[in-house]
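Please look at the sequence and the model side by side before reading on. The report below moves from the pairing of strands to the core and then to the aromatic rings.

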Amino acid sequence: KTSEETAPDVNTKTQLTSLKGKYKFTSETENNYHNATINILEQNDSTIKFEISAVNGKDIDHVNIGELEGTAKKVGINQYVYEETIDGTTHKITFVFDAHRIFEWVTISESYYPDNNNPFAGHGVYFTGDYEKINN
């Protein structure tokens, strides 16, 4: 076989063995402050149990707060979805975990919220972002 035939496919995802730990996302500009953490509390073959907390506002002293805890179901390699139906509308939060060398992170994406009203958090608070793992 040639080296091309035996080389691993760089587009193939490998299942990460442990997702447990704390992840953080921070963004601050002149007119906006956002800070969020995710804690993966438990993991098994089909679910993760998580806690998310986030603050968002014009500065560190004037923020709205959001917190959510739940269990997300595995839907693919390193991918999990949390769904909750509120007032007849199903809202989704998607977790996609990844790693490169010593760095680990999770990318969060959420359903669209009309008028910036996240049903899980205060006005303007969001969980979407790239969170870097800060401890196990």
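How many bridges join strand 4 to strand 5?

## Strands and hairpins

Strand 4 and strand 5 are joined by 3 bridges and run antiparallel, where strands are DSSP runs of E with at least two residues, numbered from the N terminus, and two strands pair if DSSP finds at least two bridges between them. The two form a hairpin with 2 residues between them, and Asn78 in the turn has a positive phi of about 60°. Within this pairing, Lys73 stands opposite Val81 of strand 5.

Strand 3 and strand 4 are likewise antiparallel, with 12 bridges joining them, and they too form a hairpin with 2 residues between them. Here Gly57 stands opposite Val63 in strand 4.

## How the model is to be read

This is a predicted model, in which local features need pLDDT of at least 70 and side-chain atom pairs count only at pLDDT 80 or more, while totals for chains, interfaces and linings use all residues. Residues are numbered from 1 along each chain as its sequence is written, and side-chain values use heavy atoms, with hydrogens and water left out.

Phe95 is in contact (heavy atoms within 4.5 Å) with residues beyond its neighbours within four places in sequence, among them Ile38, Phe50, Asn78, Tyr80 and Val106.

## Aromatic rings

A search of the whole structure finds 7 aromatic pairs; rings of Phe, Tyr and Trp (its six-membered ring) pair if their centres lie within 6.5 Å, and planes under 30 degrees apart count as stacked, over 60 as edge-to-face and the rest as tilted. Tyr80 and Phe97 form an edge-to-face pair, at 6.0 Å centre to centre with 85° between the planes, and this pair links distant parts of the chain, since Tyr80 lies in strand 5 and Phe97 in strand 6, 17 residues apart.

Tyr80 is buried, with a relative accessible area of 0%, and Phe97 also counts as buried at 0% relative accessibility, where buried means under 20% relative accessible area, exposed over 50% and partly exposed in between (1.4 Å probe, protein chains only). One aromatic cluster is formed by Tyr23, Phe50, Tyr80, Tyr82, Phe95, Phe97 and Phe120.

How values were computed
Helix = DSSP H or I, 4+ residues; strand = E, 2+ residues; numbered from the N terminus.
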